[in-house]
Amino acid sequence: MRLLRIGPPGQERPCAVHPDGTTRDLSAWVPDWSGAALDPGRLRELGRRLAREGSRLPVAGPHERVGPPVRPGGHVLSIGLNYRAHAAEAGMEVPDEPYVSSKAPSTVVGPFDDLVIPPGSLKTDWEVELAVVIGRRAQYLPGRQHALDHVAGFCTADDVSERGWLLERGGQWIKGKSFETFTPLGPHLVTPDEVGDPRSLRLTCHVNGRRMQDGHTGDMVFDVAHVVWYLSQFTVLQPGDVVLTGSPAGISLARPDVDFLRPGDLLEVEVGGLGAQRQRCRAFQSEREAVTAPGSTEGR
C-alpha cells in the first residue's frame, strides 16, 4: 500500500492510494497512521480490505495539502556516513559501526511544505535519504534476519542539516539537525511488499533544477536490516519512529563550487518508487512578523 496523510498541519487525515489510483480517506477505519495502525500485519489486512471495499470510501481532495505520511512525535534517528561515496567525499574512513544522531520530532513536515532557513544560517545543506518507519516495537532483536519484520514501510526524506551548528559549535550533531522543517517526509509511506529490495533504490536531489546528488542504496555501508537490528541493541524502537538511513555523495559541504541553501531556492528530492518532494526555501519569520506582513489585517 501507499499511505499518506492529507489536510492542514495538525489536522491531517489518514489516506491510502486505492488500486484505481484515487486517494481514499481511511478515517473511518483508522484514527491516524501511528501506533498500532502501523503494525505490518494490520497493514496487510488493511490492504486487502482497501482492495475489496475502498471504492466506498471518500476521495481526498486533489488540491489538499499533503502532510508527513506518519504522525510526527516519535523518535527521529539519523545514520551518518552510511554511503561509501559520501564517506570518501568527506575524507573519512568507512565506519566500523553506524554513526547515530537524533533529530527533534518538530523537524518533521510534509513533502511540499516550505523549508525554513534558520536566522543567521549560512550553511543549510541537503541530504536526500531513504527513511524507514518502524511499525512494530523492536528491542534487542536477535539478528538482522528479523529486522524487516518490524518495518511498516519506507518513504523519501531530506535530512537537512545546518553545518555551522553541526560542525563548528561543539557537542552533538543534534544541534545542527533539529531546526524546524528539517525533516520533510513523504509524500507516501510505501509498504515493503511494494518496495521490494530496499538495497536497489535510486536517490536524487536537485537544487534550482541542477542535479546535486545521484546515488543508490546499494552503496550503503550498513543496509536497512542491519541498521534496524543495530539500533534495537541500545534503544527501544516504537511504531512511528523514523530512521533516516544516510545520504549519498553530493552535499554542498563537500562541493566548494556550490552554494548552501538560501531563501528562494527550490529543493527537489526523490527516492525511486517512493515519490518526489518539492520544497521552496524561505527565511524564518517570527509570528509577530507574520501578522504584520503586507496584506495582514492586524490593526485595521
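**Entry 1: the Arg163 salt bridge.** I began with Arg163, which forms a salt bridge with Glu127, the closest N and O atoms being 3.4 Å apart. I note at the outset that the model is a predicted one. Arg163 belongs to helix α3 (residues 163-167) and Glu127 to the loop between β9 and β10, so the bridge ties together parts 36 residues apart in sequence.

**Entry 2: the surroundings of Glu127.** I looked up what Glu127 touches, leaving aside its neighbours within four places in sequence. Its contacts include His86, Ala157, Asp158, Asp159, Lys177, Gln213 and Ile251, as well as Arg163 itself.

**Entry 3: Lys103 and Asp159.** I recorded that the structure holds 24 salt bridges. In one of them the side chains of Lys103 and Asp159 meet, at 2.7 Å from N to O. This pair links distant parts of the chain: Lys103 is in strand β6, whereas Asp159 is in the loop between β11 and β12 (161-162), and 56 residues separate them. Both Lys103 and Asp159 are buried.

**Entry 4: Glu268 and Arg278.** I turned next to a salt bridge of 3.1 Å, N to O, between the side chains of Glu268 and Arg278. Strand β18 holds Glu268 and strand β19 (residues 275-283) holds Arg278, with the two 10 residues apart. Glu268 is partly exposed, at a relative accessible area of 25%. Arg278 is likewise partly exposed, with a value of 42%.

**Entry 5: the nonpolar cores.** I examined the largest nonpolar core, which has 41 residues. Those with the most contacts inside it are Trp126, Leu130, Phe154, Val228, Leu261 and Leu267. Elements that each supply at least two residues of this core include β5 (76-80), β10 (128-134), β11 (151-158) and β18 (266-271). The largest share, 5 residues, comes from α6. Another core, of 25 residues, lies apart from this one, and among its members are Met1, Val133, Leu185 and Leu244.

**Entry 6: helix α6.** I checked how far α6 is covered and found that 8 of its 9 residues are buried. Among them are Val224, His226, Val228, Tyr230 and Ser232. The buried residues of α6 pack against β5, β6 (99-103), β10, β11 and β17.

**Entry 7: two loop residues.** I located Thr181 in the loop between α4 (174-177) and β13 (183-184). Thr181 is buried, with a relative accessible area of 7%. A polar atom of its side chain lies 3.0 Å from the backbone nitrogen of Val116. I then located Asp197 in the loop between α5 (192-195) and β15. Asp197 is partly exposed, at 32% relative accessible area. A polar atom of the Asp197 side chain lies 2.9 Å from the backbone nitrogen of Arg199.

Entry 8: Leu253 lies in the loop between β17 (242-244) and β18. Leu253 is partly exposed, with a relative accessible area of 40%.

Terms used. Residues numbered from 1 in each chain as written. Predicted model: local features only at pLDDT ≥ 70, side-chain atom pairs only at ≥ 80, totals over all residues. Heavy atoms only, no water. Core = buried A, V, L, I, M, F, W, Y, C linked by side-chain atoms within 4.5 Å. Buried < 20%, exposed > 50% of the residue type's maximum accessible area, 1.4 Å probe, protein only. Helix = DSSP H or I, 4+ residues; strand = E, 2+ residues; numbered from the N terminus. Polar contact = N/O pair within 3.5 Å; in protein donor to acceptor, adjacent residues only side chain to side chain. Contact = heavy atoms within 4.5 Å. Salt bridge = Lys/Arg side-chain N within 4 Å of Asp/Glu carboxyl O.
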